[in-house]
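Student: I've got a structure open and want to talk it through. Can we start with confidence and then look at the contacts?

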Amino acid sequence: MILLLVLAFIGMALFEAPGLVRRRWWRELAVFAATLGLAFMLSLMRVIGVDLPNPNKIITLLVHMFLNVLPT
Amino acid sequence: MVTVLEKGRISSLHLTATIAVFIIGTSVLLPPARDAKQSEWLAVSAGMIMGLLYNAMYVMLAVQFPGRIPIEYNDIIFGRYLGKAISALQLWFAFHLGSLVLRNISEFFVSIMPETPIIAFAVLMMLVCASAARNGIETIADCGPLIMLICFLTLFFDISLGMKDIKVSNYLPLLNMSLNKFFRESYGAASFPFAETVIFLMIFPFVKKREELMTSTLKGVFLGGAFLILEIIRNIGVLGQIEDIYTYPTFEAVRLIDVANIVTRLEIAISGVFILTAFMKLSALFYVTVLGSAHLLKMRSYLPLVLPVGSMMILLSLINFDNVVENIEFAARIYPVYSFPFELLIPMISLLVAKFRRLSINKLSSE
């Protein structure tokens with residue numbers, strides 16, 4: 001599974017990065033690298049079994065905080 | 001300027017069809033206002049009227065700033081820093097909504113093919129939508145009329161073949177609930193799916209004829225709503241009281257169609273509609289997310305963001321819910337409150353500020 005994940009992300013990098021380097025779009029390359037790195041880190045954490053924070057749980061908590069009329 | 005990022009332009013017909021299909025997408029799968037039971041169709045009709053008002057407001061806002069997306073005019077309405085924060089929130093809304101749509105459709109696939117892991121469907125669906133988003137708004141909007149035609153043909157055949165199973169007594173008693181509950185349910189129906197078209201604020205600038213914006217938008221909302229209401233009326237008539245027990249009532253109602261043991265198992269035809277409309281909704285949401293993010297980060301093209309944002313959307317769709325019950329619970333109880341600031345508060349404040357301070361496109365270019 002980890003191997004598949006690494007291969008998929010290497011594939012994505014090879015698909016997008018050469019064109020950006022050729023056009024010398026360094027800002028776009030930086031953003032691409034940062035977002036892809038973030039996506040890779042989060043996916044890797046998910047694959048090796050780290051509990052990622054669930055945004056829906058946070059939203060539910062916020063909604064309950066604002067409106068205590070809703071049943072929990 | 002937004003034109004640097006996107007050169008495509010769409011016609012009014014394409015906008016109408018795209019909005020109609022966007023509204024049908026996933027709401028036909030998981031119908032809104034389910035707690036209203038047999039009066040669900042009335043609650044959704046009331047929700048559609050609210051949705052038309054919402055959409056009139058969005059168009060009025062878009063007309064104030066022709067050719068600009070919200071990311072651009074948030075800065076002038078709310079100031080530089082607050083504007084950026086609000087733009088980021090709006091992009092989060094589109095991104096999160098996209099992950100919910102992806103989750104809904106892949107969960108539906110898993111209910112048909114229970115042995116397959118959910119990620120397989122999520123990745124495949126996302127690849128198609130990423131390809132659509134890479135090709136720009138013209139490609140996405142071009143699918144609109146065709147998908148809408150398929151939807152309405154399927155609706156016609158489904159309803160005419162299922163007509164003999166409809167029991168009129170299933171519709172009674174009508175409106176046996178408090179007015180309070182009725183309004184809550186119709187507000188829920190307005191927030192999902194009718195007011196989700198708030199993300200079209202980022203697509204309105206690409207429409208060719210600006211004077212037709214209002215009519216084509218409202219026509220689209222009306223067509224999508226009519227489709228949804230007809231499906232719901234059929235579902236209640238066929239399934240009756242047990243309608244809100246099923247996870248996917250439309251699917252179950254079509255499954256019951258049986259004409260002389262020959263015309264059966266038509267549910268796969270309606271699954272086609274589910275997939276096509278979810279594809280449209282997901283690609284529109286995804287496109288808006290990457291285009292807006294690219295604009296916020298001052299990039300020269302949104303294409304480099306497509307793959308990273310797509311993989312993050314898949315990841316978020318996987319961790320969103322543990323099971324489908326949580327999904328329905330979130331859609332019914334939390335979502336109407338959560339979507340309120342994005343669908344009503346921010347556009348309304350933007351419109352009021354722009355009207356009263358007479359902000360417009362001239363102010364934007366002089367900045």
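Student: Which element of chain A has the lowest mean pLDDT, and which the highest?

Tutor: This is a predicted model. In chain A, helix H3 (residues 55–66) has the lowest mean pLDDT among the elements, at 86. Helix H2 (residues 26–47) has the highest, at 90.

Student: And what does chain A average?

Tutor: Its average pLDDT is 85. Of its residues, 94% score at least 70.

Student: New topic. How many residues of chain A are in contact with chain B?

Tutor: Chain A puts in 32 residues, against 29 from chain B. About 2600 Å² is buried between the two chains. Carbon and sulfur atoms give 71% of that area.

Student: Which residues of chain A lose the most area to chain B?

Tutor: A:Glu28, A:Asn56 and A:Ile59. Together they make up 19% of what that side buries.

Student: Now chain B. At what angle do H5(B) and H11(B) cross?

Tutor: Roughly 155°, with the axes coming within 9 Å. That angle is over 145, so H5(B) is roughly antiparallel to H11(B). The crossing is left-handed. The contact has 18 nonpolar, 6 polar and 2 charged residues.

Student: Then how do H5(B) and H12(B) cross?

Tutor: At roughly 60°, with their axes coming within 8 Å. So H5(B) is oblique to H12(B). This crossing is right-handed.

Student: Which residues make that contact?

Tutor: From H5(B), they include B:Trp92, B:Phe95 and B:Arg103. From H12(B), B:Met312, B:Met313 and B:Leu316 are among them. By class, the contact of H5(B) with H12(B) has 9 nonpolar, 4 polar and 1 charged.

Technical notes. Residues numbered from 1 in each chain as written. Chains lettered and ligands numbered in written order. Predicted model: local features only at pLDDT ≥ 70, side-chain atom pairs only at ≥ 80, totals over all residues. Heavy atoms only, no water. pLDDT = per-residue confidence, 0-100. Helix = DSSP H or I, 4+ residues; strand = E, 2+ residues; numbered from the N terminus. Axes fitted to C-alpha atoms, helices over the stretch in contact; angles between N-to-C directions. Parallel < 35°, antiparallel > 145°, perpendicular 65-115°, else oblique. Left-handed = near helix turned anticlockwise from the far one by under 90°. Nonpolar A, V, L, I, M, F, W, Y, C, P; charged D, E, K, R; others polar. Contact = heavy atoms within 4.5 Å. Buried area = accessible area lost by both parts, 1.4 Å probe.
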